[in-house]
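Here are my notes after a pass through the model, as numbered points. Have the structure open while you read.

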Amino acid sequence: MTPYQPHQIEAKWQARWQETRAFAVGAGDDRPTFYCLEMFPYPSGKIHMGHVRNYAIGDVIARYKRMRGFAVLHPMGWDAFGLPAENAAIKHKLAPDVWTRANIADMRGQLGRLGLSYDWGREVATCDPDYYRWNQWLFLRLLKKGIAYRKNAKVNWCQDCHTVLANEQVVDGACWRCDNPVQARELEQWSLRITDYAQELLDDLDTLSEWPERVVAMQKNWIGRSTGVEIAFDLEGAEGPLAVYTTRPDTLMGVTFVSVATDHPVATAAARSNPELARFVESCREHAVSEAVLETMEKRGMDTGVVAIHPLTGDKVPVYAANFVLMGYGTGAVMAVPAHDQRDFEFAKKYGLPIRVVIQPDGASLDPATMTLAHTGPGAMVNSGAFSGLASEPGREAVADALERAGRGVRKVNFRLRDWGISRQRYWGTPIPVVHCEQCGVVPVPDDRLPVLLPTGVTLPETGSYLAQSPAFYETTCPSCSAPARRETDTMDTFIDSSWYFARYTCQNTPQGAANMVDRALADRWLPVDQYIGGIEHAILHLLYARFFTKLLRDEGLTAVSEPFKRLLTQGMVIKDGAKMSKSKGNVVDPEALMARYGADTARLFMLFAAPPERDLEWSDSGVEGAFRFIRRVWALMERVPAPGAVPADLAGDLPDACKALRRTTHRTIAKVTDDIERSYQFNTAIAAQMELVNAMAAFSADWAEGAPDAPRGAVYREAAEALLALLCPFAPHVAEELWERIGGQGLVGARPWPEADAAWLVSDMVTVVVQVNGKLRDKLELPVDADEAAARAAALASDKVLPFLEGKAPRRVIYVPGRLINVVV
RNA sequence: GCCGGAGUGGCGAAACUGGUAGACGCAAGGGACUUAAAAUCCCUCGGGGCGCGAGUCCCAUCCGGGUUCGACCCCCGGCUCCGGCACCA
């Protein structure tokens with residue numbers, strides 16, 4: 001008996017797959033298509049368990065779909081730009097491109113050793129000029145359309161990374177990458193008008209029926225649509241009118257003051273003639289570290305001396321500059337209704353401003369003098385002139401109508417989503433393809449001069465941007481007037497790279513791909529991605545940007561689809577000792593060590609068996625042992641399989657009971673595994689079912705372990721073995737192929753059609769029917785599958801385990817579920 | 001605070017549209033093989049009571065109610081944990 005030697009057979013089959021280009025898909029293939037994609041990795045140099053899990057899941061799906069007769073596109077590549085390369089470059093005195101290329105080579109090898117079924121002919125690396133040139137090409141299109149634009153804006157600045165961060169990249173007030181507190185800075189920045197697409201990005205979420213609900217919810221939340229009214233307040237003592245935004249026009253009559261952001265023009269203007277106010281505004285600027293920190297800050301404000309005139313009543317109310325009003329949302333000014341907004345309430349209490357109740361909740365009578373909390377819920381409008389008596393909900397519309405009629409307001413939709421700031425003051429990214437000319441201003445680099453190449457082989461400075469310090473890069477001439485000019489030295493956010501790579505794979509390394517960012521015909525063939533798989537941590541960032549870019553590509557005519565990913569699977573984290581595996585926690589298990597000890601098949605099998613894909617996976621050394629044991633068990637059982645010629649091919653005729661039982665198990669396992677994969681990717685139970693089949697095969701074959709089976713048993717056993725290897729193939733492909741070859745199978749098992757369960761063998765003649773009395777289990781009966789109710793009832797009532805519970809009473813009711821149970825109610 | 005998700009043996013988990021709770025695996029205990037160990041194989045394995053025993057009864061899916069012949073599953077109320085958002089007007 002040959003022992004199971006994973007490394008030997010894994011190397012053998014990986015080489016075989018590579019030689020035969022087993023996973024390449026090309027033109028002229030008329031099978032139905034399936035595009036299976038896992039999020040491509042950042043080439044850090046070493047894969048981690050999260051990668052192994054992610055890619056194992058994707059590989060099962062890809063291999064399964066192939067066996068189901070699909071032409072499967074399953075590519076892999078590298079999200080190769082980014083900060084770690086720069087940090088490593090400074091640390092190891094290596095150019096970022098050199099470091100990155102070496103890492104890619106290492107990781108390609110590691111992924112290869114996992115036996116993943118990629119079409120490597122389509123590999124992309126985002127740091128290739130042939131890739132990032134298209135970032136630049138698209139940027140120029142967006143610039144022309146006004147979707148890419150430049151603005152002076154308050155930005156999130158990370159001191160450590162020495163660069164700007166998008167809102168999505170600020171987590172709890174800190175940098176998503178290095179965890180340092182983010183500072184607010186005023187900077188000239190390139191941005192993309194993702195807000196132009198806010199409504200579409202929101203609406204299309206409803207078409208993503210095969211996305212996890214929570215991801216959809218998180219994106220909805222992030223986009224944050226609200227409907228309200230923008231109201232104009234005339235001003236005394238300042239240039240007016242002042243626009244405020246509110247979602248509660250029904251509370252308009254309760255306005256007792258107006259709050260503006262400290263950097264609102266009204267506040268800034270008033271501060272010019274009011275030193276005290278100027279000091280206040282200045283102190284707020286110092287404190288305005290980040291939006292997230294504002295939350296914990298005390299609410300402070302100061303009267304600007306400006307007076308606002310209520311648009312409907314003509315009442316005069318003061319205008320306050322308040323530190324909690326955000327300039328970036330709505331109009332930067334809000335009408336304050338202390339009785340019905342908690343912040344305004346606290347603010348009014350602190351500064352002794354009047355509180356006016358205009359909404360009375362059902363069955364209560366609010367008194368401003370005794371209120372301790374604002375009433376933010378619904379109620380009836382009071383003290384509201386003509387509106388009094390209306391319920392607050394319809395009141396909202398009535399007030400909005402009145403404002404619109406009076407020309408004092410207009411209904412408006414607001415989004416929480418902000419434009420995407422994409423400038424990064426870093427080296428290792430896509431150069432933004434524009435030139436700054438004193439005469440001509442911002443001039444796009446012409447298409448025929450793309451790509452604007454990033455210099456390679458460089459030595460980075462300890463601080464600051466290499467490009468901004470490199471005259472060889474930034475000194476250029478204006479494409480328009482040829483005068484000396486300065487090249488833009490900001491690079492693009494690396495999230496741009498990953499926002500369209502899935503589309504690039506469809507034409508990568510084809511003649512069409514050489515000429516186009518995305519080839520329309522090839523995109524039409526493959527997009528959208530049928531199955532996308534990755535970590536939940538990208539629920540907003542990457543997945544929102546990719547959706548946005550898909551719409552941009554569509555509007556450029558590069559694809560017909562509006563959504564990139566038809567079905568999304570977000571796999572859980574790999575946990576050890578109760579925490580996510582991380583270097584800082586010191587609880588990492590190295591996949592390379594795991595593979596060195598047990599091989600790739602064991603690593604894959606354990607990852608897939610220990611938990612369903614969506615759930616977090618608890619690492620277990622002994623669980624890995626278990627997976628290894630299972631493979632060895634399969635290995636040993638295959639020694640007992642008779643050669644194809646040694647058994648009758650036809651299994652017809654009457655079989656001994658034991659043979660019938662094994663056939664039923666075989667076909668039920670096929671049905672179960674297929675259903676588990678098809679229905680919800682329950683790989684853990686799919687593997688459990690295979691283990692059950694293996695247990696049955698072991699018992700069945702125990703008595704001929706040393707000899708040979710008779711013909712019917714040999715044939716039934718061979719059928720089971722062939723089915724098992726086919727079912728196992730997506731999960732543990734190397735050992736499945738090796739054993740397939742050893743039992744004399746034709747070709748690659750992975751290239752064969754997926755086994756079909758024979759419906760005739762899914763049912764047996766006799767079934768166990770549970771007998772309950774008043775819903776409690778009392779007996780189990782073996783009954784023919786097709787037993788009718790009368791027969792079942794008679795058998796149940798005759799049972800001596802049932803009789804005592806009837807206490808001599810006649811059954812009041814009998815519920816019979818054929819093939820399952822009979823419940824006698826007394 | 002708002003929005004999601006989860007809570008089942010010692011552990012990871014399973015249980016289809018309400019129908020045998022705990023499949024499968026891990027750990028543990030016992031046994032076989034062995035000079036011994038590893039490996040492998042077999043048996044037991046939610047808790048408790050009664051019984052010499054075959055057995056048998058009760059309790060048990062976070063807690064409390066409800067619907068139902070029957071609830072891990074549906075409904076109402078609560079608790080705990082995890083994730084996201086959070087001065088967004």
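**Notes on the model**

1. Let's start with Q508. This is a predicted model, and in it Q508 is buried, because its relative accessible area is 12%, under the 20% cut-off. Q508 sits in the loop between α14 (501-504) and α15 (511-515).

2. What does the side chain of Q508 make a polar contact with? The partner is the side chain of R504, at 2.8 Å. Setting aside neighbours within four places in sequence, Q508 is also in contact with G121, R122, E123 and V124.

3. Now the RNA. There are 54 residues around RNA strand B, and T247, R343, R416, A610 and N823 come nearest.

4. Some individual contacts to look up: a polar backbone atom of A610 is 2.5 Å from a sugar or linking oxygen of RNA strand B.

5. Which helix gives the most to the surface near RNA strand B? That would be α22 (residues 683-701), with six residues. By type, the residues of this surface split into 21 nonpolar, 13 polar and 20 charged.

6. On to the packing. The largest nonpolar core has 193 residues, and the members that touch the most others are F139, W420, F502, W619, M638 and M697. Helix α23 (residues 711-728) supplies the largest share of this core, eleven residues. There is also a second, separate core of 36 residues, with A270, V281, A321 and L403 among them.

7. W420 deserves a click. Not counting residues up to four places away in sequence, W420 touches A166, W190, S191, L192, I194, D493, F495, I496, S499, Y545, F548 and F549.

8. Four strands form an open sheet in the order β6-β5-β9-β19, with antiparallel pairing. The edge strands, each pairing on one side only, are β6 (163-165) and β19 (420-421). Strand β9 (residues 183-192) is joined to β19 by two bridges, and these two strands run antiparallel. S191 has G421 in β19 as its bridge partner, and S191 is also one of the residues that W420 touches.

How values were computed:
Residues numbered from 1 in each chain as written. Chains lettered and ligands numbered in written order. Predicted model: local features only at pLDDT ≥ 70, side-chain atom pairs only at ≥ 80, totals over all residues. Heavy atoms only, no water. Near = heavy atom within 4 Å. Polar contact = N/O pair within 3.5 Å; in protein donor to acceptor, adjacent residues only side chain to side chain. Nonpolar A, V, L, I, M, F, W, Y, C, P; charged D, E, K, R; others polar. Core = buried A, V, L, I, M, F, W, Y, C linked by side-chain atoms within 4.5 Å. Buried < 20%, exposed > 50% of the residue type's maximum accessible area, 1.4 Å probe, protein only. Contact = heavy atoms within 4.5 Å. Pairing = 2+ DSSP bridges.
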